[in-house]
Amino acid sequence: MGAVAPSSPRLARVLASVVPRDGEPVVVELGPGTGAVSVAVEERLPAGGRHLAVELDATMVAYLEHTRPALEVVHGDARDLGKLLADRGVDHVDAIICGLPWALFDEATQTAVLGEVSRAIGTTGAFTTFAYLHGMTLGAARRFRRTLRSTFDEVLVSATVWRNLPPAFVYVCRRPLGGGMEA
């Protein structure tokens with residue numbers, strides 16, 4: 001886990017703002033942690049929608065299975081997202097909401113995960129993730145921003161969510177370059 005505290009309800013709502021409110025969307029959460037963002041996803045997700053959460057830590061998987069019974073928890077690595085989804089009969093995702101600690105990842109891991117995200121959302125889905133305001137001057141954060149901009153045609157940045165510990169903002173990304181086939 002890379003967070004000092006669970007995401008606030010306000011940050012969770014901004015992250016989940018890309019969840020479609022109608023139809024039968026498939027939404028994936030990467031790194032759900034304690035499930036703070038899962039609540040906001042579930043509030044937006046229409047009946048018939050599917051909410052999967054990919055979590056690497058076995059202890060967190062057990063916790064989520066116990067505390068969020070409606071959540072389809074997948075024990076696995078985001079670098080294997082395509083396989084994890086295929087194993088569950090999912091070939092397209094409408095939205096991916098991410099709580100992974102990007103600044104802790106090396107460039108190869110960032111690129112691998114974003115490649116998987118790109119393939120999963122294709123040209124019509126959306127991807128959100130967040131960063132802490134205080135970390136924006138770090139080299140890893142600057143590299144991540146460049147990687148996002150070289151991976152997606154559209155990268156929007158939300159207003160700062162001051163009611164989060166620490167303050168954060170959200171990246172909203174759409175239309176992977178290369179049609180979602182490469183990062």
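**Briefing: helix packing, burial and backbone exceptions**

P166 lies in the loop between strand 6 (152-157) and strand 7 (168-176); helices (H or I, at least four residues) and strands (E, at least two) are DSSP runs, numbered from the N terminus. This is a predicted model, in which local features need pLDDT of at least 70 and side-chain atom pairs count only at pLDDT 80 or more, while totals for chains, interfaces and linings use all residues. Residues are numbered from 1 along each chain as its sequence is written, and side-chain values use heavy atoms, with hydrogens and water left out.

**Backbone exceptions**
- The peptide bond leading from L165 into P166 is cis, with omega near -10°.
- R175, found in strand 7, has a positive phi of about 55° although it is not a glycine.
- Most residues other than glycine have a negative phi, and most peptide bonds are trans.
- R175 counts as partly exposed at 35% relative accessibility (buried means under 20% relative accessible area, exposed over 50%, partly exposed in between, with a 1.4 Å probe and protein chains only).

**Helix 5 and helix 6**
- The axes of helix 5 (residues 107-121) and helix 6 (residues 139-151) come within 11 Å and cross at roughly 30°; axes are lines fitted to C-alpha atoms, for helices over the stretch in contact, and angles run from 0 to 180 degrees between N-to-C directions.
- The two helices, helix 5 and helix 6, are therefore roughly parallel to each other (angles under 35 degrees count as roughly parallel, over 145 as roughly antiparallel, 65 to 115 as roughly perpendicular and the rest as oblique).
- Helix 5 contributes E107, Q110, T111, L114 and S118 to the contact, and helix 6 contributes A140, R143, F144, T147, L148 and T151; contact means heavy atoms within 4.5 Å.

**Buried side of helix 2**
- In helix 2 (residues 36-44), the buried residues are V37, S38, A40 and V41.
- These residues cover an arc of only 160° around the axis, which puts them on the same side of helix 2; the arc is that of the directions from the helix axis to the C-beta atoms.
- Their cover includes helix 1 (9-15), strand 1 (26-30), strand 2 (50-55) and strand 4 (95-98).

- L85 belongs to helix 4 (residues 81-86) and is buried, with a relative accessible area of 5%.
- Leaving aside neighbours within four places in sequence, L85 is in contact with V28, L52, V90, V93 and A120.
- L85 and L52 are 33 residues apart in sequence and 9.0 Å apart in space, C-alpha to C-alpha.
- T137, in the loop between strand 5 (126-132) and helix 6, is exposed, with a relative accessible area of 62%.
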